[in-house]
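Trainee: I have a model open and a few things to ask. Can we go through it piece by piece?
Mentor: Go ahead.

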Amino acid sequence: MTPVFLVRRLGLLAAALFGVSLLIFVLLRLLPGDVATIVGGVQATPEQLAVLRERLGTDRPLPVQYAEWAGGVLTGDFGRSMLNGVSVTDELARKLVVTLPLTLTAAVLAVAIAVPLGAYAALRQRAPDGAAVSALGQLGVAVPTFWMGIMLSVVFAVQLRLLPAQGFPADGWAEPGRAAASLVLPVLTLALAQAAVLLRFVRSATLEVLQADFLRTARAKGLTTGAALLRHGLRNAAMPVVSVLGIQIASLIVGAVVVEQAFSLPGVGKMLLADVGNRDLVKVQGTVLLLSGLVLVLGTVIDIVHRLADPRLRDTP
Amino acid sequence: MRLLEVEDLTVRFGDSTVVAGVRLSLGAGERLGLIGESGSGKTLTALAVAGLLPPGAAVTGSVRFEGSELLGRRERAIAPLRGAGIGFVFQEPLTALNPLMRIGAQIGEPLRIHRGLSRRAARGAAAELAARVGLPDPERIVRAYPHQLSGGQRQRVGIAIAIAARPALIVADEPTTALDVTVQAEILRLLTALVEEEGSALLFISHDLAVVAQVSRRLAVMRAGRVVEEGPTLDVLRDPREPYTRQLVAAARATSWNPQETPS
Amino acid sequence: MTADTTGDMTADMAAAGPDVPLLEAVGLRRGYPLPRTSLTGRRARREAVRDVSLRVEEGAALGIVGESGAGKSTLVRLLLALDRPDAGTVRYRGREVRPGRPSSLRWFRREAQIVLQDPMSSLDPRMTVARAVAEPLRALGVAGDRAATAARVAEVLTAVGLEPEMGRRYPHEFSGGQRQRIAIARALAPRPRILVGDEPVSALDVSVRAQVLDLLARLAATEGLTLIVVSHDLGVVRHLCDQVLILHEGAVAEHGPTARVLTDPAHPYTRRLLDAVPRLPV
Amino acid sequence: MTGAFRSLVRSRSGLLGLALSAVVVAATLVSLVWTPYDPGAVDPRASWAPVSGAHWFGADRLGRDLFSLVLAGARTTLLVSLAATVVAAVTGTLLAAAAAVTPGWVRAAVGYGIDVLIAFPTLLLAMVLVAVHGASTLTAVLAIGLGEGFFVARVMRAEMTRVLAADYVLAARAGGAGTWRILYAHVLPNALPTLTVLLSLVMAIAVLAEAALSYLGYGVPSSTPTWGRMLHDLQTQLTIRPQVLVWPGLAIVATVLGFNLLGDGLRDAGDPKARRT
């Protein structure tokens, strides 16, 4: 791995994080009025507004405000909520306890479902069952995530009474069993939504590899089609799938927000929805930066992994 | 009993017949050239002989290798013959090798499949084979990846793979078409030398009459899926029987280059 | 040559003396930066064309022979100002051809046209043959009205052995050989003085190749064209060109009359190249 | 174009996609002039009426006919999605052109900008806009339009770069064609088929995004019905009468499936090789 690539890629990541943070900061400042009037409400007196502006620091020039906020973020301080003064960082930490397990498990499950099914659909492309699998993928993509969640709840929670339909134990993971049970349907919902999209990529990547000349060379050496696919095809098909994972992170996070709303899980997504409703701009700013930052960082990690895995990319910076 | 006997070989894709009633035979150590323009079915004939036709191809007729019939048998039954009985050299050195696997592993693979060699033993043998096909610095080449080699070097790797398990028949499908003329000359010399040393038969496919003539003792001319003429190379060139062959030889003479002739 | 194309030739070109060649390149050099391998320091460069000079007299046929990576295509792009050289100049009738905005090169484009290697990709799949052949006329502003354009298109299609009615069809309806004829017709449309072929027949079958080579030879005679043919195939150069330039790793190994170079090569690389060519044993 | 239409219909997914999306669009247009009941008409007697001859999808708590509501919901959903698709097409194509045609560092900067912003989820963009300007049709259209615009930009940039690298563009340059002539005579016609396929797929994504936004309460104001908003309001019935939740969901699935299959069909139709058979 040439250091040149690593340094350049991390530099690009830093630039991207700076760009996105600036974008969020500016977007939230394009206010018709100013932050204080929104928070203070219509009936606030000018003096109260002045105190508010001073407390929120919105009386100082924008670049200073940005520098202060960005500086804080770098040290892990995402600022204080405008409504109750609570530290955004603490709030985020509390909510991640739900959102992280939800997204990570869903991501793993999605790959576990999509890769075998996608490969099968490609291998059995001409057979009816292969076409059925890809049709299933096509259908899966068309189902809105939140509706999938509702329908799964109707079946497994309401009719079969196997799992809780909604909510998350107030005491969090104190009782892991109950907490996990309440995450089963949300994880399944998020995983199926992701798997449907991934399946199409895995299928097309596998199809492409199936026609590759080096598979024919492998068969010419004495391997059967199956053995050639396993020993030579798999790793080559994994390359495009790995690169698509980078893009999938963004939709995974969006899915998490929607699933948390559908199953009313107290995660980062549901908190963000409430903050947007309450116009708590500092919290919205912090949460949106965290989520988009996560997308960029994970995207970079996956890009580096992709370059490490493919010798052709390893040499060229 | 001839090494390879092909009778009434017919290959169809859907309703279009691409190879119709081809008859060929090859004895041990013999060298047969298969010449034809693009679309003549020469490559598909070669693939059919090695059981490497793409899915969706309907094959009839008979291909007997060392007396046993290959057509119509399950892949598991004929796979052991591929690599050990029939070695294949492909046309595109760029895409014929696995881009993610080191050269040593790819050259050693036939030995691991057919001779049960361990990974380390196979890599050792691979270095020897790399040297044998004239690759510079075999120790480095064995650890390198395909994209780090030139076209000519990659084709030498292709040949090393084909001869690794010492097959009785080598099928070479336009092995030098994608190469420069100086590199082509070296590869052709290498191929004929190896075939002679090993005493293996060679089925050489090309659209270039001068190349095929240089390598093969007998020629079979293919057009639109049929073998239109077959015979010893010098006879076919000196007085071709079929009008199509005559036209092919004339065209090759017109655009090829000969020091004895004074340029027009 | 129709009046309007000579009209705007500058004074110095018209007055060029007899010893000024039709096309001359002096000290052409072109390199490409290789991917950066170290953080600091200069990036390594691959010199595709290293100090190439050549002259092409009016009516001559120059063959440029070389193997892949010898810099043939780069040289052709430099000669036609489709790429900017690192050093060196190209002159047409003494007037410098300076790469720049397309409009500043219109005068030169009218004089020199190109036929590319692969007929499958050198014709726009979504353009009818007639429109494709007429494009240079329109782009160079020498098209005249619709009737004049249609007439010229029909004229050049016939000159390359195709029926004018084929103009309405699309490229994917033609064979490789026919498509290359269409590409030649397109190059002829603006009545160039120089026709450059970048491996013009190497993508074609042997039997079709001979016909297209004959066509190029015939057109060179009837249209008074100066030919520059780039090829890795000595047979093609022997067939078409009276002069040959052997290119090796971006530099001129040898340059001279085809007859002499092919039978009595001076440069060791040329000898190695000639020996490597497979010959019919009989 | 008849050739393209014929091969679109011949490809199975194209036919199914065309049929599905045509039915949805037709139903939407019909709903502008006629719906079985006035979507807003309250009828206490019909509160939670089950599926019947009178109410094909049953009725909601206020006795409003669910079938009419779904039809009315289609209007807003498709309108917002169409507007967003247009925004995505315009921003995407312009960005792609900037990233493919302009010289040197501009191209690299725009190109990299696209790669970064494609990671910026549409929903987050919507939330930021809503936090500032409140939920509105404009916010939804802008959020989805810009969000998908980066996706269009990335695909169109690759497509334009492919065409610009083609031999026939080099031949055009050698023939004296300037940048503008190459753009409209070669790049546009050859990139257009990909754009039509893309827009069909973007329309599908836009419908999904609009449904999610209005489900979360960020779509159009609550007065105008959309499928997402209906599901949000009806979710309270999850444990009592879940069947009411089925209809709006199916409407979304049918529409998205229709546009996706139409996109696949257009891709097969646009591919010259496919057309030559």
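**A tryptophan in chain D**

Mentor: D:Trp56 is found in the loop between helix 2 (12–33) and helix 3 (66–100) of chain D; helices are DSSP runs of H or I with at least four residues, strands are runs of E with at least two, both numbered from the N terminus. This is a predicted model, where local features need pLDDT of at least 70, side-chain atom pairs need 80 or more, and totals for chains, interfaces and linings use all residues. Residues are numbered from 1 along each chain as its sequence is written, chains are lettered from A and ligands numbered from 1 in written order, and side-chain values use heavy atoms, without hydrogens and water.

Trainee: Is D:Trp56 buried, exposed or partly exposed?
Mentor: Partly exposed, as the relative accessible area of D:Trp56 is 45%; buried means under 20%, exposed over 50%, partly exposed in between (1.4 Å probe, protein chains only).

Trainee: New topic. Which residue forms a salt bridge with B:Glu198?
Mentor: B:Arg132, with the closest N and O atoms 2.6 Å apart. A salt bridge is a side-chain nitrogen of Lys or Arg within 4 Å of a carboxyl oxygen of Asp or Glu.

Trainee: How many salt bridges over all chains?
Mentor: The count is 44.
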